[in-house]
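Visitor: I would like to go through this model by question and answer. Please keep to what can be computed from it.

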Amino acid sequence: MFSEFLQRLSVWEGIDTWIAVTGALAAMACALPGTWLVLRRQSLLGDALSHAVLPGIVLAYLGMSWMEEIGWLADPSHVSSATGIGRVAEGMSLVARRQGALFIGAALSGVVAALLSELVQRWGRVERSAAMGVVFTSMFALGLLLIRLFADRAHLDPGCVLYGNLETTAFDTIGGTMIPQAVVVNAGMLLINGLLILLFFKELCLNTFDPELGAAQGLKPGWVSLGLMSLTAATVVAAFESVGAILVIAMLIVPGATARMLTDRLPTMLGLSVIVAACGAVLGHVFALTLPAMVYKYGFGLDQRVMDASSAGMMAVTTFGLFMMAVIASPRHGLGRVWLDRLRLQLRIAREDLLGGLYRREEAAVESPSTSPQQSNIPRMSLLQWFARNSLIRQGLIQVGAAGDTLTSPGTTEARNLVRSHRLWESYMARHFDLPDDHLHATAEQVEHFLGPELQAELAAELDQPTTDPHGKTIPHGSEN
Amino acid sequence: MTNFVRVLLLQDYNTRLVLCGTLLFGACGGVVGAFMLLRKKSLVGDVASHAALPGIGLAYLIMESISPGSGKTPVWLLLGAGAGSAAGLYCAGLIQRTRLIKEDAALGIVLSVFFGFGIVLLSIVQSLPTGSAAGLTEFVFGKAAALTAGDVASIAVASLIVLSICAVAFKELSLLCFDEAYAAALGWPTRQLDLLLTSLVVAVTVIGMPSVGLLLVVAQLVIPPTAARFWTDRHGPLTIVSGVLGALSSAIGVLASALVPRLAAGAVIVLAGTGIFIISMLFGTRRGVVWHSLGQFSARRRIGQLDLLRTCFEILEQSIGDASPVECDLTAIPISRHQLLDARTWTEARLRNVLAAAQRDGSIRLDADGNFRLTVEGTRLARRATRNHRLWELYLIHFAQTAPSRVDREADEFEHVLEPDLVEQLEVLLEQDRVRARVPVNPHA
């Protein structure tokens with residue numbers, strides 16, 4: 001299977017590099033504002049923005065085709081007569097004009113959406129998320145309608161809107177060079193995002209984590225919100241042609257979420273999100289090339305040259321794969337770590353319970369030797385208890401004997417400590433809570449494992465160093481006695 | 001013209017068919033959406049619809065690899081869609097269990113990534129020798145205009161099931177939406193009810209895919225209930241009105257797209273819903289903007305009248321000096337426009353309007369010298385307005401420990417909402433055993 005993979009990969013061409021680079025740049029540019037959105041719990045905003053800018057983008061495309069007709073904007077198929085640097089410059093200015101038109105269209109659309117949403121909220125006294133839902137879905141429907149209506153004039157098809165056209169935009173190069181226009185646009189966006197976030201890092205931090213303090217210090221929350229929203233909108237527009245309206249949401253949120261799982265420090269988080277975005281994009285394209293053939297071979301028994309899968313989609317899926325890996329394996333917050341911690345805790349509790357049980361048995365044997373049960377071992381131990389017992393034996397806290405397990409000297413100390421905690425807690429509850437006597441044991445069984453030495457000392461002091469618990473049993477002396 | 005008439009009278013079989021299918025979906029979407037709106041979880045519909053795409057793709061691929069050529073059976077595909085939605089929502093729940101990734105990010109991740117996976121599957125399907133993805137992308141954009149009788153039959157059956165579940169479990173689902181903790185305390189199985197509601201959303205998504213496409217299903221879940229909110233405040237009627245509005249928007253959308261060529265039916269249905277929303281927002285009987293503004297306008301007018309009369313009374317009090325207002329004939333004393341302007345912060349224009357209205361109502365008359373005088377009726381109203389105002393001022397001073405210099409503005413706002421029994425209570429509170437017409441002394445004097 002791996003050789004199959006490598007064989008498929010061997011058809012990697014120059015254009016594939018450009019596709020991977022474009023995707024990576026788009027993803028990295030999106031990851032930067034996207035991480036902030038995740039931290040501010042405004043991921044919904046990315047979704048709403050990408051839906052709301054659609055009519056504006058469609059109208060911008062229409063506008064551009066009209067401008068081409070009347071000659072303001074050069075026809076992209078028109079072959080330029082300039083050479084060398086002049087040609088590149090011409091190409092760059094074309095890019096600038098196109099992106100400018102798209103951005104203006106999207107900006108207008110976004111502003112209209114925000115205003116309408118505010119209007120509906122205020123006049124209709126509708127709740128915020130419902131207002132946003134109404135406005136943004138309506139605008140998205142309007143955008144789809146316009147695409148269908150003006151499909152032939154606007155060089156835009158509905159599919160392109162949803163998942164972009166990464167594979168073919170790589171062919172739209174700046175005149176005279178091999179560099180796709182999309183690379184320049186997304187690289188520019190990445191630079192702008194990086195610079196702005198660096199410049200306004202303090203303001204963003206303050207407004208994200210303590211908006212009231214920021215407001216008190218003169219940082220208007222409205223400005224920061226507006227700035228971030230505009231930046232996100234600009235990034236969405238820049239990446240739109242590459243990955244489309246829906247997948248850009250993935251590129252905004254997933255790298256940031258992945259970075260959040262891996263670290264708690266903000267600058268690291270921003271850096272990691274960019275790295276994750278880039279890796280996801282490149283790997284995504286690799287899998288887009290190799291996966292279909294494998295599916296065909298192993299799913300359908302077909303062995304032929306097949307078309308590649310959608311790169312943009314695969315990039316989203318691969319980044320998600322990285323996210324899931326972080327969710328499971330993150331050293332700080334991963335599910336693996338959580339599970340491991342829980343297991344360790346359960347083991348500790350099982351050990352302590354075993355020790356406590358042995359102590360109580362010995363105590364009962366001392367107090368009434370004839371009536372205490374002669375049990376050799378706990379019948380039918382669970383796996384956890386078996387491990388616990390083994391570890392106690394290994395550490396020399398219990399001794400295996402013919403008549404059953406017995407506590408060694410260090411084992412007795414630890415058991416005594418546990419039972420002291422248990423009985424102190426029972427006394428505490430009996431004094432301060434209005435509970436009948438038979439309600440005390442169960443809770444104390446759970447709490448005893450979490451009372452450290454300081455807390456024990458506090459309890460004993462509060463209860464004036466008691467010697468017996470509510471059931472009449474002796475409270476063992478503490479280790480300081 | 002004949003085409004217009006033909007479409008409207010539903011003489012076209014195709015139009016009738018499409019209308020049937022989309023009407024039922026619209027009603028379903030509205031009803032289920034009403035519950036989701038109350039739970040403030042409208043985005044869940046968006047996630048369910050986007051996550052359905054990989055389900056469709058996988059169902060197709062699996063069917064094709066088992067028995068080539070049968071991949072496009074609608075039942076299979078829709079089952080796959082349902083499974084995809086369910087998987088997506090489950091995944092969103094899982095992601096939230098990390099507790100670091102919050103609900104909004106989890107939903108956004110699932111929405112976009114599952115959709116991306118769906119796109120990948122579609123592109124794989126595209127290049128299969130036996131298949132084309134055209135049949136599958138219909139689910140993304142909808143094929144309302146091309147619904148077959150079989151499609152409509154399945155839609156009808158599924159819609160009726162959804163609607164009957166909503167009707168039967170209405171009480172339980174309503175309580176779940178309003179007060180989940182109380183329902184749990186009553187012993188109701190809230191988790192299962194939540195699951196039921198989520199399943200209904202998934203079902204609506206699946207029903208809506210052939211007609212409006214999965215991108216726009218969420219619109220039918222969000223817009224009709226929000227529009228219905230302007231017509232009623234009670235939950236039962238809200239659900240019904242929401243269903244009706246959803247069906248109406250579908251009907252208008254279908255007819256409009258049948259009349260005008262090249263209009264995508266799904267988008268037009270949603271935009272028809274938006275139009276209904278705008279009309280509801282403006283003219284809705286419970287909270288419509290127009291009625292609200294009119295109500296505010298008439299309230300403002302009434303307040304202006306009472307403020308004018310009170311001002312007149314206070315000016316007259318000053319004119320008569322120490323004499324008691326009860327004994328004097330207040331209708332004989334003239335008040336000039338200048339005095340009124342001095343006493344209040346009204347503009348000339350507003351004063352003119354208020355005076356004109358007062359003259360029309362008969363509480364003030366213009367005398368020979370161009371000054372104003374209170375009529376008998378006007379005097380009565382003026383006394384009452386001033387008494388309310390002063391009582392409230394006294395209450396604020398004595399019971400709410402407000403400084404006398406600050407009570408005027410507050411009393412200005414409160415006096416107009418004083419009902420007679422509240423006024424009586426205030427009098428009792430202040431232990432006044434007075435003749436009804438007597439007015440307390442001005443605390444500012």
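Predicted model: local features only at pLDDT ≥ 70, side-chain atom pairs only at ≥ 80, totals over all residues.

Guide: Residues are numbered from 1 along each chain as its sequence is written, while chains are lettered from A and ligands numbered from 1 in the order in which they are written.

Visitor: How many helices and strands does chain B have?

Guide: Helices are DSSP runs of H or I with at least four residues, strands are runs of E with at least two, and both are numbered from the N terminus. On that basis chain B has 19 helices and 2 strands.

Visitor: Is chain B compact or spread out, by its radius of gyration?

Guide: The radius of gyration is taken over C-alpha atoms, and the globule rule is 2.2 Å times the number of residues to the power 0.38. The C-alpha atoms of chain B fill a box of roughly 105 × 60 × 35 Å along the principal axes. For 445 residues the rule gives 22 Å, and the 33 Å of chain B is well over that, so chain B is more spread out than a compact globule.

Visitor: What is the radius of gyration of chain A?

Guide: The C-alpha trace of chain A spans about 110 × 60 × 40 Å along its principal axes. A compact globule of 481 residues would have a radius near 23 Å, but the value for chain A is 33 Å.

Visitor: How far apart are the centres of domain 1 and domain 2 of chain B?

Guide: Domain bounds come from an automatic or database domain assignment. For chain B the assignment gives domain 1 (16–287) and domain 2 (292–429). Taken over C-alpha atoms, their centres are separated by 58 Å.

Visitor: Which element gives the largest share of the side of chain B that touches chain A?

Guide: Residues are in contact if their C-beta atoms, placed from the backbone, lie within 7 Å. By that test 45 residues of chain B are in contact with 49 residues of chain A. The elements of chain B giving two or more residues to this side are α3 (43–66), α5 (103–126), α11 (217–228) and α13 (265–283). The largest share, 15 residues, comes from α5(B).

Visitor: How are α14(B) and α16(B) placed relative to each other?

Guide: Axes are lines fitted to C-alpha atoms, for helices over the stretch in contact, with angles from 0 to 180 degrees between N-to-C directions. The axes of α14 (residues 289–320) and α16 (residues 348–361) of chain B come within 10 Å and cross at roughly 85°. Angles under 35 degrees count as roughly parallel, over 145 as roughly antiparallel, 65 to 115 as roughly perpendicular and the rest as oblique. α14(B) and α16(B) are therefore roughly perpendicular.

Visitor: How many charged residues are in the contact of α4(B) with α10(B)?

Guide: Leu78(B), Ala81(B), Gly82(B), Ser85(B), Ala86(B) and Leu89(B) of α4(B) meet Thr198(B), Val202(B), Thr205(B), Val206(B) and Met209(B) of α10(B). Ala, Val, Leu, Ile, Met, Phe, Trp, Tyr, Cys and Pro count as nonpolar, Asp, Glu, Lys and Arg as charged, and the others, Gly among them, as polar. By class, this contact has 7 nonpolar residues, 4 polar and no charged.

Definitions and conventions:
Contact = placed C-beta atoms within 7 Å.
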